[in-house]
Amino acid sequence: MIAARERAAWGFVAPALIAIVVFFAAPVVSSLFLSLTDFDIYALADLANLRFVGVENYQRLLANPLFWQAMKNTVLFAGIGVPLSIAASLGAALLLNARTVRWRPMWRVVFFAPFVTTLVATAVLWNYLLNTRYGIINWALTSIGLPGVDWLGDPATSIPAILMFVVWKSFGYNMLIFLAVLQTVPDELHEAARIDGAGAWDRFRHVTLPAISPTLLLVSIISVAGFFQLFAEPYVMTQGGPAQSTVTVLYFMYEEGFKWWNLGSASAVAFVLFLCIFAVTLVQLAVSRRLGGDHT
């Protein structure tokens, strides 16, 4: 009987396991192999041109100044964007969870709508909003006597401009996650804290925050992975410029693989990026455990 149940269980999970092997495990192994070769457009035309080069791609990568510029930009995007995105999404969730707010369903739709809107379309729209000459943001600045800003043409403002767009585009998803977990926090806990004289900040710090800490860890991990994989935003809005100030690691990988056809080198970039995300995730888990928030 037990053997029959085990066979039935394996039969149910087999399609999912096959899909994971075919669409995830096999491409990962293949990409790892490619990162150890000089696979390029000539090898693509004839596999006889393929050569095994070992860690040469990784050595060239670590000696490439543009890669380090891309890594610096990516860390900057993540270091600033993740806290901003979490703060915006958690703030919006707290606001919409308050019973005094009117038309809460409408505001949920309004805040979530950017996330489900096509990224390229919204990026093009923001290009017009940030345009130096006829963008509505510069028009608003000049109308109150402030000088216009070359948002996407100045290295000093290109990253903040893209960050504004990314946070606006993505915070609605995390907001729904936070809103769902906030609604599971018992009202009795807040009421007891209020009776004991706790103010709004104390109730948030000692009641709400501990209750949502597992979700906060999950959202932070998802957000870090997302910001480390920024590509479409700089690709559409700045093409990595100006002066390579918005080139990210994923953008660099795209150019290596599909502009210069150095597919072996691009695969090496992919694995370095994976190691970076994996390392940051481990640090987040370690910090969570140290702060007493290990809920895994």
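Leaving aside its neighbours within four places in sequence, which residues is T208 in contact with? Counting contact as heavy atoms within 4.5 Å, T208 touches L94, L182, H190 and R203 once those neighbours are set aside. T208 sits in helix α10, where helices are DSSP runs of H or I with at least four residues, numbered from the N terminus. With a relative accessible area of 5%, T208 is buried (buried means under 20%, exposed over 50%, and partly exposed in between, using a 1.4 Å probe and protein chains only). P186 is 22 residues from T208 in sequence, and the two C-alpha atoms lie 9.6 Å apart in space.

A word on the model itself. The structure is predicted, so to speak of local features takes pLDDT of at least 70, side-chain atom pairs count only at pLDDT 80 or more, and totals for chains, interfaces and linings use all residues. Residues are numbered from 1 along each chain as its sequence is written, and side-chain values use heavy atoms, with hydrogens and water left out.

Next comes helix packing. Two packed helices are described by the angle between their axes and the distance between the axes. Here the axes are lines fitted to C-alpha atoms, for helices over the stretch in contact, with angles running from 0 to 180 degrees between N-to-C directions. Helix α4 (residues 65-97) packs on helix α5 (residues 104-116) at about 165 degrees, and their axes are 10 Å apart. That makes α4 and α5 roughly antiparallel (angles over 145 degrees; under 35 is roughly parallel, 65 to 115 roughly perpendicular, and the rest oblique). On the α4 side the contact uses A92, L96 and N97, while α5 brings R104, W107, R108 and F111. Those residues split into four nonpolar, one polar and two charged, where Ala, Val, Leu, Ile, Met, Phe, Trp, Tyr, Cys and Pro are nonpolar, Asp, Glu, Lys and Arg are charged, and the others, Gly among them, are polar.

Helix α5 also packs against α8 (residues 155-182), this time at about 125 degrees with axes 6 Å apart, so α5 and α8 are oblique to each other. From α5, the contact takes in R108, F111, F112, P114, F115 and V116. Helix α8 answers with W168, K169, S170, F171, G172, Y173, M175, L176 and L179. Sorted by type, the residues of this α5 and α8 contact are eleven nonpolar, two polar and two charged.

Apart from residues up to four places away in sequence, F252 touches L61, N64, L66, F67, A70, V247 and V269.

Most residues other than glycine have a negative phi, and most peptide bonds are trans. The G241 to P242 peptide bond, however, is cis, with omega near -5 degrees, and P242 lies in the loop between α11 (232-237) and α12 (249-259). Q239, in the loop between α11 and α12, has a positive phi of about 55 degrees despite not being a glycine. Its relative accessibility is 49%, so Q239 counts as partly exposed. Q244 is found in the loop between α11 and α12, with a positive phi near 60 degrees, and at 41% relative accessibility Q244 is partly exposed.

Methods
Helix = DSSP H or I, 4+ residues; strand = E, 2+ residues; numbered from the N terminus.
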